[in-house]
Amino acid sequence: MTEPQNLLNNPFLNKGTAFTQAERQELGLTGLVPPQVQTLDQQTEQTYAQYQTKPSDLEKRLFLMEIFNTNRVLFYKLFSQHVVEFMPIVYDPTIADTIENYSGLFIQPQGAAFLSIDQPDATIKATLRNAAAGRDIKLIVVTDAEGILGIGDWGTNGVDIAVGKLMVYTAAAGIDPSTVLPVVLDAGTNNQALLDDPLYLGNRHERVRGQRYDEFVDQFVTAAEDLFPELYLHWEDFGRSNAANILNRYQDKITTFNDDIQGTGIIVLAGILGALQISKQKFTDQVYLSFGAGTAGAGITQRIFAEMVEQGLSADEARKHFYLVDKQGLLFSDDPTLTPEQKVFARDRAEFANAAELTNLLAVVKAVQPTILVGTSTQPGSFTEATIKEMAAHTARPIIFPLSNPTKLAEAKAADLIEWTNGQALVATGIPATDVTYNGVTYQIGQANNALVYPGLGLGTLAATATRLNDTMISAAAHSLGGIVDASQPGAAVLPPVSKLAAFSQTVAEAVAQSAVDQKLNREPITDVPAAVTDLKWAPEYK
């Protein structure tokens, strides 16, 4: 392949019809693109018009992926102009459709690195080097796709989740797309439909567990850290048996982050802080009930618990404010099936005269009278009218966050929650929700979307050249978002809108970077934190 053709096929360098006549002559591109020279603005206008002709969200996403694979600058310029419209197309909820159909729709690998547990150890480093193609990688999103929220185990198909996360990092926080790498760790899959599918492109065996799996992850981390010494490593959608163990194994050794455990916790904490600004209630007075105690539910609970301790309660005092409900009902400490993360918040049966009856959400709500109810259960409609009215009977401004997505798995609809509580509920949802008008008041519904926080968290950590990402930095991120709410507005949202994603990512990044510098976690000297953040940001413009 000739050099000019290589240039047109390199999405980081390709300008398509925007190559000037002088560039075409110098680079040997004369006649390889149509003669009319377009500006980037003309290209984005033309591309958006093509996008609008696509009849379904899935086809819109597939079209955008063609642009992404061809021309990164054009893709991100377009994304930056239509953030609210594109977010549910590029990421949740449409991404679930592309994951489920990834192998059948496969055209090209989208710059990802595919690591197989069945390959020799030596190929891991070679694969990462090949995928990086000489680029200076600073951010990796890695998944083994066992626990994709709402849809479960999708094996190698789950690489799209890593690709999608990195798109949001760039669109929201300006992370240079040439410095990022999506990675999938293929340890097999327990999804029988995939194993039976002749088109499935991943390893055709059940998931490998135990020591061999742990060694596979270790080999990946060692190779990635060796190749990319300034790396920020983001774990995504690992199963509940591995997610917390992996984070615990590495978080004190490298700069690393698990979005399902930590990111969701940050955004829920920010939403609660915003809600309490509206209700004027005290954080340490709240009673927290999590419906769903998997990786996300337990991770969120841990973050809210840590904040209670940060605000002055002892660990023992704080634990009394938390209740976890899973498939078996309220979690009790004598349950042998509990994970280590669940055991921390399991209750003693002796606390309840009717412990044997606490097997469903309504019974638990009656017994514990929560002021905060967070759903990560993927059980649609589980926040019933009776349950919500019972909750509202015992707290003036119930904080209710049905977070499960996609839409079909949400625990409740925002409009129902507002109606059932006579407009008193402070609501955030896991998927975008339209405004709700009730009794003459328009309620804005905050979206507890991790995209509000994880891009800025990564940008701030990278800008600070931080050697670790710790709880203090994470708390700074949550408080920076939670402080944005306009509590004076009737029906105000508990979280800032996705439409201002870029601005809030800057706010989060500066708070996180300042925290790192204050703790002396920065590798390089930094005297001006906002400047360090701004200097790192990439803009979608042709060079």
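Is the crossing of α5 and α10 right-handed or left-handed? Let's start there, keeping in mind that what we're looking at is a predicted model. The crossing of α5 and α10 turns out to be right-handed.

Let me stay with that pair for a moment. The axes of α5 and α10 are 10 Å apart, and the two helices pack at an angle of about 70 degrees. Angles from 65 to 115 degrees count as roughly perpendicular, so α5 and α10 are roughly perpendicular to each other. If you want to find the contact on your screen, look for F75, Y76 and F79 on the α5 side. They meet L166, M167, T170 and A171 of α10. By class, that contact of α5 with α10 has 6 nonpolar residues, 1 polar one and no charged ones.

The model has 2 cavities of 30 Å³ or more. The largest cavity has a volume of about 120 Å³. What lines it? There are 15 residues around the largest cavity, and those nearest its centre are F68, R72, P177, V180 and P182. Which element gives the largest share? That's α10, with 4 residues. Sorted by class, the lining of the largest cavity comes out as 10 nonpolar, 3 polar and 2 charged residues.

On to the second largest cavity, with about 40 Å³ of space in it. Its lining can be read out in one go: E230, L231, Y232, T255, T461, L462, T465, A466 and R523. In terms of class, the lining of the second largest cavity divides into 4 nonpolar, 3 polar and 2 charged residues.

Which residues sit closest to its centre? Out of 28 lining residues, they are I445, L495, P496, P497 and V498. Two elements give two or more residues to this lining, namely α6, residues 83-90, and β14, residues 446-447. The largest share comes from α6, which supplies 3 residues. As for class, the lining of the second largest pocket has 17 nonpolar, 7 polar and 4 charged residues.

Next up are α14, residues 259-279, and α15, residues 295-310. Their axes come within 7 Å and cross at roughly 55 degrees, and that makes α14 oblique to α15. Like the pair I opened with, what hand does this one have? The crossing of α14 and α15 is right-handed. On the α14 side, the contact is made by D260, I261, T264, G265, I266, V268, L269 and I272. Facing them from α15 are T295, A296, G299, I300, R303, I304 and E307. Count that contact by class and you get 8 nonpolar, 4 polar and 3 charged residues.

And the last pair is α18, residues 361-368, with α19, residues 385-392. How do they run, roughly parallel or roughly antiparallel? Their axes come within 9 Å and cross at roughly 5 degrees, which makes α18 roughly parallel to α19. From α18, the residues in contact are L361, L362, V365 and K366. Their partners in α19 are A386, T387, E390 and M391. This contact of α18 with α19 has 5 nonpolar residues, 1 polar one and 2 charged ones.

You'll see a right-handed crossing, and α10 then leads you to the largest cavity, where it gives the largest share of the lining. That's it from me.

Technical notes
Residues numbered from 1 in each chain as written. Predicted model: local features only at pLDDT ≥ 70, side-chain atom pairs only at ≥ 80, totals over all residues. Heavy atoms only, no water. Axes fitted to C-alpha atoms, helices over the stretch in contact; angles between N-to-C directions. Parallel < 35°, antiparallel > 145°, perpendicular 65-115°, else oblique. Left-handed = near helix turned anticlockwise from the far one by under 90°. Contact = heavy atoms within 4.5 Å. Nonpolar A, V, L, I, M, F, W, Y, C, P; charged D, E, K, R; others polar. 1 Å grid on protein atoms, 1.4 Å probe; cavity = no way out; pocket = protein on both sides within 12 Å on 5 of 7 lines; lining within 4 Å. Points joined across faces, edges and corners; volume = space filled by probe spheres on them.
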